[in-house]
Amino acid sequence: MKRSLRDIAAKGTHASSVISESAEVSNDTSSVDSLISQYSGMSESELMCELSAAVSKQKAEGKFDPESLQRGIEAIAPMLNEEQRRRLYNITGRL
């Protein structure tokens with residue numbers, strides 16, 4: 001059975017523990033949980049606006065790292081179904 005981020009949040013599992021199973025991540029658990037809490041109530045369009053603004057800011061500051069983005073995609077993709085992966089690749093392709 002595949003896990004989703006919503007399932008993880010519903011069960012109260014720390015997201016960082018699941019992420020670290022897929023890739024070597026040195027995030028502080030509280031900061032990951034804080035991000036989940038911050039974005040969990042947003043609509044898809046609000047999330048897209050936030051993502052677009054963050055990427056634009058990183059690019060303007062010369063801090064956008066496509067390799068880091070790719071590593072994140074590779075860590076998340078195994079937890080997604082085919083439709084979710086297609087949407088992930090569609091979204092990240094527009095960045």
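Me: Which helix is Thr-92 found in?

Reply: Thr-92 is found in helix α6; helices (H or I, at least four residues) and strands (E, at least two) are DSSP runs, numbered from the N terminus. This is a predicted model, where local features need pLDDT of at least 70, side-chain atom pairs count only at pLDDT 80 or more, and totals for chains, interfaces and linings use all residues. Residues are numbered from 1 along each chain as its sequence is written, and side-chain values use heavy atoms, with hydrogens and water left out.

Me: Is Thr-92 buried or exposed?

Reply: Buried means under 20% relative accessible area, exposed over 50%, and partly exposed in between (1.4 Å probe, protein chains only). Thr-92 has a relative accessible area of 16%, so Thr-92 is buried.

Me: Leaving aside neighbours within four places in sequence, what is Thr-92 in contact with?

Reply: Contact means heavy atoms within 4.5 Å. With those neighbours set aside, Thr-92 is in contact with Leu-69 and Ile-73. Looking at the helix pair, Leu-69, Ile-73 and Ile-76 in α5 meet Leu-88, Tyr-89 and Thr-92 in α6.

Me: How do I read the way α5 and α6 cross?

Reply: Two packed helices are described by the angle between their axes and the distance between the axes. Axes are lines fitted to C-alpha atoms, for helices over the stretch in contact, and angles run from 0 to 180 degrees between N-to-C directions. Here, the axes of α5 (residues 66-76) and α6 (residues 82-93) come within 11 Å and cross at roughly 170 degrees. Therefore α5 is roughly antiparallel to α6, the word used for angles over 145 degrees.

Me: How many helices and strands does the protein chain have?

Reply: The protein chain has 6 helices and 0 strands. Of its 95 residues, 16% are buried.

Me: Which residue lies over the face of Phe-64?

Reply: A charge sits over a ring if NZ of Lys or CZ of Arg is within 6 Å of the ring centre and within 35 degrees of the ring normal. In this model, Lys-59 lies over the face of Phe-64, at 5.1 Å from the ring centre.

Notes:
Parallel < 35°, antiparallel > 145°, perpendicular 65-115°, else oblique.
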